[in-house]
Each structure stands twice: as structure tokens, then as C-alpha cells.
Amino acid sequence: MFEVVGNMHMHTPYSDGEKYHKEIATDAIRAGLDFIIVTDHNVWVHGVEGYYETDEGRVLLLTGEEVHHTRRNPQASHFLAYGAEKELACYAPNPQGLIDATRAAGGYGFLAHPFELALPLIPEGSDLGWHDWDIDGFTGLEIWNYMSSFKSEVARVLSKMRIRQMTYRKLRLLRRVLHPERLIIGPEPETLALWDELLSQGKRIAAIGNSDAHGTPFGFGPIRREIYPYEFLFRAVNTHLILRDALNGDVAHDKALILAAIGQGNAFVGYDMAYPTRGFRFSGQSQGKGIMGDEIKLDAGATLQVLAPAKANIRMIRYGEVVAEAKGELNLTHIPIEPGAYRVECLIMYEGMERGWIYSNPIYLV
Ligand SMILES: [Zn+2]
Ligand SMILES: [Zn+2]
């Protein structure tokens, strides 16, 4: 098994981001990522995929697309498509059609930032969660989107501060001085509850976690600087894939391995800023062996094992219920007696409080 760390949601000037692919790749190399997938709004940019190298290393850059219906109001229900190798924006007005077209093209589709809170008073602060629920057949959920989490947390803070009395100027000041890492606690509980609900319906729902980096400059008086730079965000919430084979530097070979792991959910979401999450493992053993995203047989000898890269509060969850827990440990073992989707969450102390750290994809016991 080979672990690679990547970020799968970011923007360039092809939509509303600041930096182009080569510069973003340089930032990703600095942050220690193995791969990135650039997902501009409603445009699939081709011709830029490949390995980008600097003196510090290399990163594999791939392109997907973040699709939404631009005439929808608000412009909610953002969809992340990977591996479709074609433009999908024309399908945006019909969410089910978009999902079907992505699958038909051999791609994988994820609901981006499914739940978020609206920011009061500013038009671009609308709730951009997923609103079109009469759908089926998508690959999974973006369970943790760093910038969307930040926006929701700011909304929570502002709602406590009697936002109606605040001016837009004060809001801008607040945005500038806030330290996002102090606000970020974990994925939205509503998103995790949605995930558990979909899993309890017997669906296979993969999870990814991303930055949604735009590198947007922020002006305040004479000061103009990049808030939440790409590199900062690439050190925060990432998707860690467990590959069946090692990357070998051949773009087609490596891309196929990465896309297969994304589609299968052989992955966990790690908040690497709190503490590096490389090395986390969740595996199951019965007659066969399996990792996150796999199916294994529930027999009398089935066991599930968790190994965390640092001491953490570890809990194993089946359909929203904690079935096993270990506090301040590196390991957790559980003998499952019921079929179902078992997933793992690890919480860790960071910046003075316990925060979400690792969210595994489920192992499906059948
Ligand atoms: Zn979005
Ligand atoms: Zn985005």
C-alpha cells in the first residue's frame, strides 16, 4: 500500500483564483503534496496536466472541474468532477444529468461543501451548500472544505456578535484579523450526519477533504495581501489516498492509480496543520483483507483495526453511532458483529482545543 497526499479542489484565473497552474504546483511542492487536482468553475482546462518540478521536489497536477448552474439563485449545488476528461458545464442545469454524464464519461462526482452557513450582509456570502437532493449515483461527498468551514465559522461568530449592527467595513476588518486555524474545528456536523444517513441507506459514499484555495487578495486601506494563500491551505485539510501500486513518474500510469483510489474511496481526510496525518491506517481482516473504501466479508473472525500517527481520541462509527472508542491512544481494535459501513474519526488537541483531525472512508462489511 502506498500513501499519497493531495488536494483536489482549487481555482486558477480560468475561474476566480489568483495563480496559474505552474505557480500553484510550486506552492504544492513547498507544502509537501504529492498531487493536486485543479477544479475551476465551469471550465475543464486541458493541456496542463503533468508532473511539475522544482529544486524542492515534484507534484503531479491533474485537472477536474467544479460545475454549477450559473443561472441558479443562489448559485448553490457545486459539483466536483474528476476523470471525466471532458467539459461538463453544459449539464449543470440538471444535477442528475450532470451526475450521469460524469459517470458515463468514466469520471467520479462529488458534492462540494454540501452544507455551509450563509455570511450575512455580503452578496458573495450566500449559502452555497448542496440544495438539489433529488439525485442519485454520485461517488461521494466533500466532507471537509477548509474555506467553506471557515466561512461557516465566521457566520457563527457574526451571528453571536449581532451582525445587523456591523458594517461591511467592520466585517472586512474582521476577516483580515481572524486566524482561520483558530476557528476551524472540523467538518460540519450536518455533513457528517448526511454522510451517515446515506451510508445507512446501503449506499457507497466516498469522502474527500480539500482546501478550495483561490489565493484571493484582500484589500484593507493601503494593505493588499493574499489571504489564505495556496501554500497555507495545502498544509491544512488534504485527501490522503492509499494506492494499490507506487507512483512511477509516468503521468498516465500515476493518474490512473490516483483516480482509481478516489473512485473507490481508498482514502482518508486529514487535517495536516493540526499534526501530520501521514501513516494513519484503518484496515479490516476476515477471509480477505481490506482497507478504507473496500468491502470485506463479515465472518466470525472479522476484525477492524485503526492505527493513528499520534495519540488521539479515536472513535469508530457505524451509521452515526459510536461502536468503539479509545481516548488518547494510537490504536483501536473492534470486532464487528453487524454488517454495515464502519468509519473512523480521530480528534486531537490543537490551538487550545480538541479538533477534528482524521476522517476515514468506510470499510463496508457485507
Ligand atoms: Zn464551490
Ligand atoms: Zn471551489
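How many helices and strands are there in the protein chain? Here are some notes to read beside the structure.

1. The protein chain has 8 helices and 21 strands. Helices (H or I, at least four residues) and strands (E, at least two) are DSSP runs, numbered from the N terminus. This is a predicted model, where local features need pLDDT of at least 70, side-chain atom pairs count only at pLDDT 80 or more, and totals for chains, interfaces and linings use all residues. Residues are numbered from 1 along each chain as its sequence is written, while chains are lettered from A and ligands numbered from 1 in the order in which they are written.

2. Now the overall form. A compact globule of 366 residues would have a radius of gyration near 21 Å, and the 20 Å of the protein chain agrees with that. (This radius is taken over C-alpha atoms, and the globule rule is 2.2 Å times the number of residues to the power 0.38.) The C-alpha trace spans about 65 × 45 × 45 Å along its principal axes.

3. Next, the domains, whose bounds come from an automatic or database domain assignment. Domain 1 covers 2-273, and domain 2 covers 279-354 + 357-361. Their C-alpha centres lie 25 Å apart. In all, 21 residues of domain 1 are in contact (C-beta atoms, placed from the backbone, within 7 Å) with 14 residues of domain 2. On the domain 1 side, β13 gives the most, with 5 residues.

4. Look at the core too. The largest nonpolar core has 98 residues, and Ala28, Ile36, Val59 and Cys346 have the most contacts inside it. Such a core is a set of buried Ala, Val, Leu, Ile, Met, Phe, Trp, Tyr and Cys residues joined through C-beta atoms within 7 Å. A residue is buried if 20 or more other C-beta atoms lie within 10 Å of its own, exposed if 12 or fewer, and partly exposed in between, with C-beta atoms placed from the backbone. Strand β17 (residues 303-318) supplies the largest share of this core, 7 residues. Both domain 1 and domain 2 give residues to this core, so it lies between them.

5. (The expected span is 1.5 Å times one less than the number of residues.) The buried residues of α8 are Asp254, Leu257, Ile258, Ala261, Ile262 and Gln264. Just after α8, Gly265 has a positive phi of about 75 degrees.

Key
Contact = placed C-beta atoms within 7 Å.
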